[in-house]
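Please have the model open beside you while you read through my notes.

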Amino acid sequence: MSKKLSWALLFTLLGSVAFTGCTDEDPQDKNSSINQSDNNENTNDDSSQSISNETYYANMFGKDILETYYLWNEEIHDDLNQWNIETNNDPIGTFSRIRYHEGEKYIDKWSMLTNDMTSLTNNMNGTTTSFGWNLSFYDMSDIVSREQYIGVVNFVYKDSPAAKAGLKRGDILLTLDGNIINSSNYQNLYYSNTLTVTLGLLEPESYTIHDQNKEVSLTAVSMYENPIICDSIYEFNGKKVGYLAYTSFDFASIPQLIEISRKFKAEQVKELILDLRYNGGGYVTTEQVLASVFAPQSAVTNKEVFEKEVYNKTLTQYYQEEGINLESRFETDFEYQNQGQTVKVNTKDANIGLEKIYGLISSGSASASEALLGGLMPYTQIELIGSQSHGKYCTGIIVPAKEFYVKPPAELDNWGTYVMISIYQNALGETPCMPDGLTPDIAVKDNPLLPYAIGDVNEPLLKQALIEAGRTYDESTISTTLSRSMVSRLRKLPQTENGTFGKRILTLPSKVAHDMLIKAGAQ
């Protein structure tokens, strides 16, 4: 089958027709036997049922991607052989089912096939239809003797509907559209277009939840969720400690990140509290920009190794034959595409000169967050505070189907995939978050129920980091922990994951992409 380099494939040097494991037919020339079964069997196949052209092409695309670029293509070889593209009626489900797993345990929890590339791309760019809040959910069933949840605001994005309504960290959502919140409706707090909630608040001294007698109505809007939710400088004991709370490695925030780094440098900040507890990942380029301003200046000047990628055998052999270096090094010049525009930035005057980083982590810290901290560990003293991170140790590419084939079928116009292609390692050949996440040096549970904003010096994770940096506290202040009885009776539910969670997306400069396009002969 003829292929060309997609923009994602171009940027990841994955475009040679030499590596395809599919047939030489053009996808437009689908033969008339589409509805006939072959000798292969698949639990999703139904040879007596006709499938649509769209389903056939989606099967073809998903199978082609996994055969060629997938990190674990050898491990799922048997499942791929059983994927009958002419009869399988569930390409998305099949793609998900045959991801690398050992028995019932899925090693790959992140690769996905989608028929809504528009939403996936928008989410990765930070633009989504949203109320602009990030929530945690708790099950109160043991307290009220019925299934009942509460939603707790972790933070709100600037200028969002939630922010404009005055919502803040610690606000508790008691009811939704006049009903109690439970397993049947709590997801509507993210996915409805309009809603009305009533608010409560925890009283720290008595550990009870009070009704604020306040009702708030919200309408979701399409908005950019700026992932820089707080940056501050704290001064004590003759030193200055910087603080950056960052929730997604997107492209649009890069210029602002560089300006914040310049500010920290100008203020002679030597220690940084990097709050990634709600950061589920994003683009490798953004990760590399931050590495260039956080690493020691000498490592950047000498362009030492920051990270390297380990691919499947097919891609590794291709890279070796082409003489392509699989290592990424500290740089000061970066080029990337944002909203169709080429952006160039320079970090030469933004390296802060840090001596220590306090990394605030939780189960919501994944992928590029874990990679940044792990990549800096050989060069910078890093102390981790919080709870175990997610454990996303591999890198993916986003591939739009319409840019994968020379003559893409119209039916695949909005299809695409996010597929794992490599495992990342630091300069020592280590992946510190593999397999189950980064382990904190000091365990502190994130507690959004307490009335402390992100950036408040009494917020538990930030407070611990400041103590480690030498700040002293008057212990007569309000406690930053809840009573054991309250904690034991409030069961925190798994975090609702947005479209960017667990994604570490690899791209490379356009010049490399152009050179590879010529080598691949895809005019």
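1. **Ground rules.** This is a predicted model, in which local features need pLDDT of at least 70 and side-chain atom pairs count only at pLDDT 80 or more, while totals for chains, interfaces and linings use all residues. Residues are numbered from 1 along each chain as its sequence is written, and side-chain values use heavy atoms, with hydrogens and water left out.

2. **The whole chain.** The protein chain has 16 helices and 26 strands; helices (H or I, at least four residues) and strands (E, at least two) are DSSP runs numbered from the N terminus. Of its 523 residues, 55% are buried, where buried means under 20% relative accessible area, exposed over 50% and partly exposed in between, with a 1.4 Å probe and protein chains only. Among contacts with a separation of 6 or more, 75% join residues 24 or more positions apart; contact here means heavy atoms within 4.5 Å.

3. Six strands make up an open sheet with mixed pairing, in the order 12-13-14-20-21-24. Its edges are strand 12 (228–236) and strand 24 (442–443), each of which pairs on one side only. Two strands are said to pair if DSSP finds at least two bridges between them.

4. **Strand 20 and its partners.** How many bridges join strand 20 to strand 21? There are 6, between residues 356–361 and residues 381–386, and the two strands run parallel. Strand 20 also pairs with strand 14 in the parallel sense, over 5 bridges. Ile357 is a handy place to look: Leu272 stands opposite this residue, and its bridge partner in strand 21 is Ile382. Further along, Ile361 stands opposite Gly386 in strand 21.

5. **Burial of strand 20.** Since 6 of the 6 residues of strand 20 are buried, the strand is largely enclosed by the rest of the structure. Lys356, Tyr358 and Leu360 point one way, Ile357, Gly359 and Ile361 point the other way, and all are buried. In a regular strand, side chains alternate between the two faces of the sheet.

6. **Helices around the sheet.** Strand 20, helix 13 (residues 368–376) and strand 21 build a right-handed β-α-β unit; right-handed means that, with the strands pointing away from the viewer, the path from the first strand over the helix to the second runs clockwise. Helix 9 (residues 254–266) lies across strand 12, strand 13 (239–246) and strand 14 (271–275), at about 5° to strand 12. Helix 10 (residues 284–294) lies across strand 13, strand 14 and strand 20, at about 180° to strand 13. For these angles, axes are lines fitted to C-alpha atoms, for helices over the stretch in contact, and values run from 0 to 180 degrees between N-to-C directions.

7. **Ile254.** This residue sits in helix 9 and is buried, with a relative accessible area of 0%. Not counting residues up to four places away in sequence, Ile254 touches Thr286, Val289, Tyr336 and Val345.

8. **Helix 5.** Which residues of helix 5 (residues 117–124) are buried? They are Met117, Leu120 and Met124. Seen down the helix axis, these buried residues fall within an arc of 65°, so they line one face of helix 5; the arc is that of the directions from the helix axis to the C-beta atoms. They pack against strand 3 (112–114), strand 15 (281–283), strand 22 (394–400), strand 23 (416–426) and strand 26 (503–505).

9. **Asn59.** Leaving aside neighbours within four places in sequence, the contacts of Asn59 include Ile51, Trp83 and Pro91.
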